[in-house]
Amino acid sequence: MDILAIRDHLIATVMRRIDDSISGRSEALREFMDVTLPNIEKDASAEISQHIPTLPDNIYKKWAEMFADRMLQTVKTDQLEDMCDDTEESNATIALVYLMFMESERMEEQIANDLSELGVTAGNTDEVGNFLGGYLRTALGARSEEQPR
């Protein structure tokens, strides 16, 4: 397997996992709000979760490409070939390594920059997103003020 095929497989595997998780997105957002905002009513979290805008596919693809490039820089080709055998176990390993990559300090900074850039370009036209963002910031701010320090 050549390097381009390995890169393509890593990207495709990550993107497939992202596509699969979009169907459960609303439920995951609702559960996240229920845990992080315990005072929020269940009906409110269900309603809000349906209106939180999704990220454009190109952002996910950019991060998947960054992941694949980093893997090619840091992992031996023969190990990557073994990981790209397209078994469920190997694909799950790729997904796990991707999650670890996304939690790295470098990616936390990249994600913040990408989301900030996206917010600047979409913020002026997305009334629902602006409303929800304001609501969640207010709710999280109130929650942090209630927490003992």
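User: Which helix does isoleucine 11 lie in?

Analyst: Isoleucine 11 is in helix 1, which covers residues 3–22. Keep in mind that this is a predicted model.

User: Is isoleucine 11 buried or exposed?

Analyst: Buried. The cut-off for buried is under 20% relative accessible area, and isoleucine 11 has 8% relative accessibility, so it counts as buried.

User: What does isoleucine 11 touch, leaving out residues up to four places away in sequence?

Analyst: Isoleucine 11 touches Ala64, Glu65 and Ala68.

User: How far is isoleucine 11 from phenylalanine 67, in sequence and in space?

Analyst: The two are 56 residues apart in sequence. In space, the C-alpha atoms of isoleucine 11 and phenylalanine 67 are 7.9 Å apart.

User: Zooming out, how many helices and strands does the chain have?

Analyst: There are 8 helices and 0 strands. Read from the N terminus, the order of elements is α-α-α-α-α-α-α-α.

User: And what share of the chain counts as buried?

Analyst: 28% of the 149 residues. As for contacts between residues at least 6 apart in sequence, 77% of them join residues at least 24 apart.

User: Now helix packing. At what angle do helix 4 and helix 6 pack?

Analyst: Helix 4 (residues 57–74) and helix 6 (residues 88–102) pack at about 100°, and their axes are 10 Å apart. Angles of 65 to 115 degrees count as roughly perpendicular, so helix 4 is roughly perpendicular to helix 6.

User: Which residues make that contact?

Analyst: From helix 4 they are Tyr60, Trp63, Ala64, Met66, Phe67, Arg70 and Met71. Helix 6 supplies Ile94, Val97, Tyr98, Phe101 and Met102. By class, the contact has 11 nonpolar residues, 1 charged residue and no polar ones.

User: Staying with helix 6, which of its residues are buried?

Analyst: Ser90, Asn91, Ile94, Ala95, Tyr98, Phe101 and Met102. Viewed down the helix axis, the buried residues fall within an arc of 145°, so they line one face of helix 6.

User: What is exposed on the other side of helix 6?

Analyst: Glu88, Glu89, Leu96, Leu99 and Met100 are exposed there.

User: Last one: what span should helix 6 have, at 1.5 Å a residue?

Analyst: Its 15 residues should span 21 Å, and the end C-alpha atoms of helix 6 are 21 Å apart, which agrees.

Notes. Residues numbered from 1 in each chain as written. Predicted model: local features only at pLDDT ≥ 70, side-chain atom pairs only at ≥ 80, totals over all residues. Heavy atoms only, no water. Axes fitted to C-alpha atoms, helices over the stretch in contact; angles between N-to-C directions. Helix = DSSP H or I, 4+ residues; strand = E, 2+ residues; numbered from the N terminus. Parallel < 35°, antiparallel > 145°, perpendicular 65-115°, else oblique. Contact = heavy atoms within 4.5 Å. Nonpolar A, V, L, I, M, F, W, Y, C, P; charged D, E, K, R; others polar. Expected span 1.5 Å × (residues − 1). Buried < 20%, exposed > 50% of the residue type's maximum accessible area, 1.4 Å probe, protein only. Arc of directions from axis to C-beta.
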